[in-house]
Amino acid sequence: MMNRPIKTGSAGTLESNDCLVTIEVNSDDSVIIHLESVVKARFGKQIELTIKETCEQLNLVGAIVSVNDKGALDFTIKARVETAVKRSL
Amino acid sequence: MKYEPKNPYQYIGSYNPRTYQENKSSRVSHIVKQVETMDELFNRIQLRDGMTISFHHHLRNGDAVMNLIMDEILKRNLRDITVAASSVFPVHTSLATAIEAGVVTQVVSAYMSGFVADVVSEGKCLYPCVMQTHGGRALSIESGKLKIDVAFIASPAMDASGNISGRQGKAACGSLGYAIADAYYANVVVAITDTIEPLNHIDIAKECVDVMIVVDSIGDPKGIVSGTTRITKDPVGLAIAKRTIELMDAAGYIKNGMSFQTGAGGISLAVAAQLHQKLKKESIQGSFASGGITGYLVDMFEEGLFERLYDVQCFDLAAVASIQKNENHYSISASQYGNPYNPENIVDQLDVVILGASEIDLDFNVNVTTGFDHRILGGSGGHADTAYGSKFAIIVSKLVSSRISVVVDRVTTITTPGETVDALVTDYGIAIHPRHSELIHQLKKTTRLPVVSMKELLDTANELCGLPQIIEPKEKIVAIMEYRDLSVIDVIRQFDPL
Amino acid sequence: MSIRSALFVPGNSAAMVLSSPILDADAIILDCEDAIAMASKDSASLLIKHTLMHLPRRQKQFWVRINPLGSDFFMEDLSNILPSLPDALLIPKADGDDWDEIISAIENIENQFQLQPVALIALIESAKGVLTCEKLARHPRTKGFLLGGEDFASDMGIVRREDNRELLFARYQLVTWAKAFKQICLDTPYTDIDNLEGFMLDCEFSASIGFDGKACIHPLQAEVANEVYSVSDTQILWAKEVLDETEKHSVGVFSFKGKMIDRPVINRAKQIIEKAKKWGLLR
């Protein structure tokens with residue numbers, strides 16, 4: 001079963017060690033990821049991969065996923081993405 | 001390039017650059033010339049292309065003097081100037097402008113942050129800058145390696161005959177320790193003040209001063225207390241401080257006559273606050289506290305927990321107030337503080353110093369100069385001096401904050417060599433330098449302190465954060481890391497923005 | 001399970017959850033309930049789920065306080081959190097009437113995911129909870145109790161006092177039932193975080209009547225609780241000597257340093273050594 005957002009959902013904060021995730025409705029089936037991160041130079045690839053994997057596990061389609069990261073660890077990013085996705089359905 | 005350290009770092013003592021010159025304070029029947037305008041000043045000092053000028057940083061981010069002089073230099077079409085400033089702060093925008101315009105071609109300093117650090121990191125300064133230590137700067141000037149043509153000394157108060165005090169005036173900053181070597185050895189010394197009044201205490205005698213000028217304001221006293229001077233409230237930081245005290249105690253350093261220095265970071269200050277409680281509770285009296293002095297150290301001193309304060313720089317207004325009134329709160333020069341070849345230097349008498357780190361590696365080398373991306377963010381200040389001099393140098397830090405680990409495989413830049421660092425205290429455990437094998441054994445046997453290896457800390461950090469991508473700099477060398485004995489310990493290459 | 005301090009940490013704060021493993025508490029209680037605003041309940045529940053799955057736990061226990069039966073979040077908390085294997089669940093507003101229903105909801109999910117039974121700690125915070133704790137104590141799934149003094153007082157319609165005298169009956173009742181069925185019993189939080197001395201006195205009293213440890217709301221409290229509910233170096237030394245001496249005697253009763261040593265004394269010595277081992281106090 002695919003999960004397709006029907007409204008904007010967001011989760012998390014902009015405090016350090018956390019991230020703010022916003023899910024918006026996309027015009028087609030694709031999932032577009034935008035990442036802004038204070039540690040992008042060091043961990044950008046790994047964070048993008050974590051976001052992508054989490055979206056796949058949640059069977060997300062048709063979404064724009066924007067993550068503003070303040071140095072969150074992977075499990076925090078996963079939790080925030082999952083919460084934001086659930087809030088957008 | 002006028003100032004170029006060449007000897008490779010081995011270990012201090014292998015290289016002695018000392019060839020002292022006579023200092024200016026012994027000049028007799030000397031009269032200080034007072035000038036009225038900047039034109040008159042520049043006519044008198046005859047500043048020319050290729051010269052080296054110097055500044056001190058006691059007014060920190062409130063300093064107006066460097067910008068004032070740099071703006072004049074920019075107007076006067078001078079070229080190839082070297083700026084030897086004891087530290088550079090974000091307020092110093094005119095220096096950044098002068099570097100970008102090619103007017104200033106080299107900076108020699110113990111610390112830089114803000115716009116100047118950015119333009120240097122980006123490779124915009126013609127010659128590599130030299131990053132010194134506070135003690136090394138004094139040595140380089142006293143030994144004649146670093147020749148200053150004109151020293152511009154921001155002077156909080158002067159008397160009519162040209163003596164200088166840091167303790168009075170609108171921008172009173174207490175000690176003038178970092179300006180002493182400049183005053184003694186610069187070819188021409190210019191004192192810039194906004195307050196003329198009779199002085200209670202003289203920091204720099206008129207014999208050192210050649211020219212004086214009165215301006216509207218030398219700086220904003222509010223900027224003096226910039227920087228981190230608050231105790232952390234974070235429970236993790238407090239827990240690290242508590243372990244640090246337990247470590248100092250177990251290693252036998254908390255006892256009558258102990259000497260102590262701490263940086264002004266949040267966790268370091270928490271260590272000072274907890275040491276305060278412990279000394280008081282157990283009626284222990286220390287001999288001295290030194291360094292950049294904060295109100296926390298003043299409180300301990302005023303309660304009699306330390307007999308003396310040796311103050312090279314006042315970090316806050318409480319320290320300024322104390323130096324004005326307390327007899328045993330002494331001003332010391334940077335040379336008395338940390339020059340390795342000054343036989344009475346204070347750092348060599350230190351028992352324990354508490355320091356921060358932005359990176360520490362498996363060999364205990366510490367970086368407080370650059371970020372992992374090679375961008376300059378600070379500098380040694382007294383870090384390398386006190387680590388070397390003290391019997392026990394403790395680095396305090398959280399292991400991970402905002403996904404960045406303080407423990408790394410290899411530091412991006414060596415500020416302080418690992419052989420002079422003794423311990424790292426983090427929230428995930430304490431690493432002791434392997435050369436202290438007996439202490440490690442003792443701690444494991446008789447205390448509950450979580451002693452681990454640096455490798456274990458690194459593994460924990462990697463487990464939490466993942467393996468970081470390595471960031472390569474560009475080829476160009478933008479700065480040379482000069483150790484306190486004036487040898488070259490590392491270089492900084494140009495920052496490569498992604 | 002022996003816990004001297006159990007520290008509440010708000011489950012939705014990434015920074016606090018991250019730093020919890022290194023704080024001075026034997027157990028961390030990641031909170032989905034009172035510390036979390038209604039709008040953040042889902043977020044806290046999921047952050048705790050992912051934290052438990054990935055954070056290195058070291059020697060520390062990680063408990064989770066879920067939302068109560070009857071709230072909108074009870075089932076969601078259970079299905080998020082049980083599969084991520086907390087060391088215990090703290091069940092709020094527990095009493096004898098609801099306990100079977102709660103257990104069966106938990107067991108449904110445990111069966112669905114084929115999980116080992118999780119330890120359950122009943123948070124007793126009502127007059128009915130105090131009076132019906134016998135049923136909970138006798139239930140095989142219950143592993144311990146925690147007293148919640150604030151909610152208990154408001155259920156009783158009374159004002160909290162500095163000396164906690166209003167909690168006396170609840171404390172004796174709870175700790176006696178817990179001990180009768182070999183369960184752990186933790187004391188109510190002390191809400192004045194600036195008064196560590198008052199906190200210590202409170203711990204000392206509760207330890208003296210049998211409580212194993214205390215719920216804490218600040219890391220500095222946990223540090224004090226660990227001291228008070230711990231075993232002292234003198235006790236450890238005594239216990240070691242008693243056990244050494246026991247090995248030398250074939251009879252069950254003997255005299256050591258002028259005192260009679262028999263089975264209850266030997267058992268107490270064993271308990272002390274066990275606790276000391278667990279808390280890393282043996283040198």
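1. Start with a strand pairing in chain C. Strand S7 (residues 184-187) of chain C runs parallel to S6(C), and three bridges join the two. For one facing pair, look at C:Leu146, which stands opposite C:Leu186 in S7(C). Keep in mind throughout that this is a predicted model.

2. S6(C) has another partner to check. Strand S5 (residues 119-124) of chain C pairs with S6(C) in the parallel sense, over five bridges. Here C:Leu120 stands opposite C:Thr142 in S6(C).

3. Is S6(C) buried or exposed? Strand S6 spans residues 142-147 of chain C and is mostly covered. Six of its six residues are buried. On strands in general, side chains alternate between the two faces of the sheet when the strand is regular.

4. Now step back to the whole chain. Chain C has 12 helices and 10 strands. Along the principal axes, the C-alpha atoms of chain C fill a box of roughly 65 × 40 × 35 Å.

5. Burial and contacts come next. In chain C, 44% of the 283 residues count as buried. Take the contacts in chain C with a separation of 6 or more: 70% of them come from residues 24 or more positions apart.

6. How is chain C divided? Domain 1 covers 5-228, and domain 2 covers 233-278. The C-alpha centres of these two domains of chain C lie 33 Å apart.

7. The largest nonpolar core deserves a look. This core has 267 residues. Which of them touch the most other members? They are B:Val116, B:Val120, B:Ile153, B:Val190, C:Trp63 and C:Leu174. Helix H8 (residues 235-250) of chain B gives the most to this core, with eight residues.

8. Pick out B:Val190 and trace its contacts. Set aside its neighbours within four places in sequence. B:Val190 is then in contact with B:Leu41, B:Ile45, B:Val150, B:Ala151, B:Phe152, B:Ile153, B:Asp210, B:Val211 and B:Ile213.

Technical notes:
Residues numbered from 1 in each chain as written. Chains lettered and ligands numbered in written order. Predicted model: local features only at pLDDT ≥ 70, side-chain atom pairs only at ≥ 80, totals over all residues. Buried ≥ 20, exposed ≤ 12 C-beta atoms within 10 Å, placed from the backbone. Helix = DSSP H or I, 4+ residues; strand = E, 2+ residues; numbered from the N terminus. Pairing = 2+ DSSP bridges. Contact = placed C-beta atoms within 7 Å. Domains from an automatic or database assignment. Core = buried A, V, L, I, M, F, W, Y, C linked by C-beta atoms within 7 Å.
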